[in-house]
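I opened my notebook and looked a few things up in this structure. Here is what I jotted down, one entry at a time.

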Amino acid sequence: MPEVSTRAQQTASEKGLGDLRHFRWKDQPGKMKDPGRKIYHWEHVLPVSQIMLLLLEGTSEDYNLDRMISLLRSVDIAWILKEENAELTRLDFSTRRPIIPWLAYKEANITMVDR
């Protein structure tokens, strides 16, 4: 289930959408009433480039399907607003984040619902 920023949830509530955690990326244009994907951003909390590096690190002996599945299952996804994503980018967090990626959100003043 995706995480949700407080501001994204507030915007969704104002639009009568309910809990954003129940929506997926494919729902954005229709069910979420965001056809141009201009309001909400489906965010990998740890950027895909860093996920790839984690998947590829180590030696060939380290690679196994269970390790990769475990890593991919641990990846957090979040709904945030486009302007919140722009702030992450402005702070140079678009392709790399701290070892605890939620610290980038804190630095960008993005608060999350129930976090």
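I began with a definition: a salt bridge is a side-chain nitrogen of Lys or Arg within 4 Å of a carboxyl oxygen of Asp or Glu. I also noted that this is a predicted model.

**Entry: counting salt bridges**

How many salt bridges does the structure hold? I got eight. I then looked up some of the pairs.

**Entry: Arg21 and Asp19**

The side chains of arginine 21 and aspartate 19 meet in a salt bridge, 2.9 Å from N to O. Are these residues buried, exposed or partly exposed? Arginine 21 has a relative accessible area of 24%, so I wrote it down as partly exposed. Aspartate 19 is partly exposed too, with 26%. I then found that this pair belongs to a network of salt bridges that links Asp19, Arg21 and Asp114.

**Entry: Lys26 and Asp27**

Next I checked aspartate 27, which forms a salt bridge with lysine 26. Their closest N and O atoms are 3.8 Å apart, and the cut-off is 4 Å, so the pair counts. Is aspartate 27 buried or exposed? It is buried, with a relative accessible area of 8%, since buried means under 20%. Lysine 26 comes out at 62% relative accessibility and counts as exposed, because exposed means over 50%.

**Entry: a pair inside helix α4**

I moved on to glutamate 87 and arginine 90, whose side chains meet in a salt bridge of 2.8 Å, N to O. Where do they sit? Both lie in helix α4, three residues apart, and that is about one turn of the helix. Glutamate 87 counts as partly exposed at 23% relative accessibility, whereas arginine 90 counts as exposed at 58%.

Terms used:
Residues numbered from 1 in each chain as written. Predicted model: local features only at pLDDT ≥ 70, side-chain atom pairs only at ≥ 80, totals over all residues. Heavy atoms only, no water. Buried < 20%, exposed > 50% of the residue type's maximum accessible area, 1.4 Å probe, protein only. Helix = DSSP H or I, 4+ residues; strand = E, 2+ residues; numbered from the N terminus.
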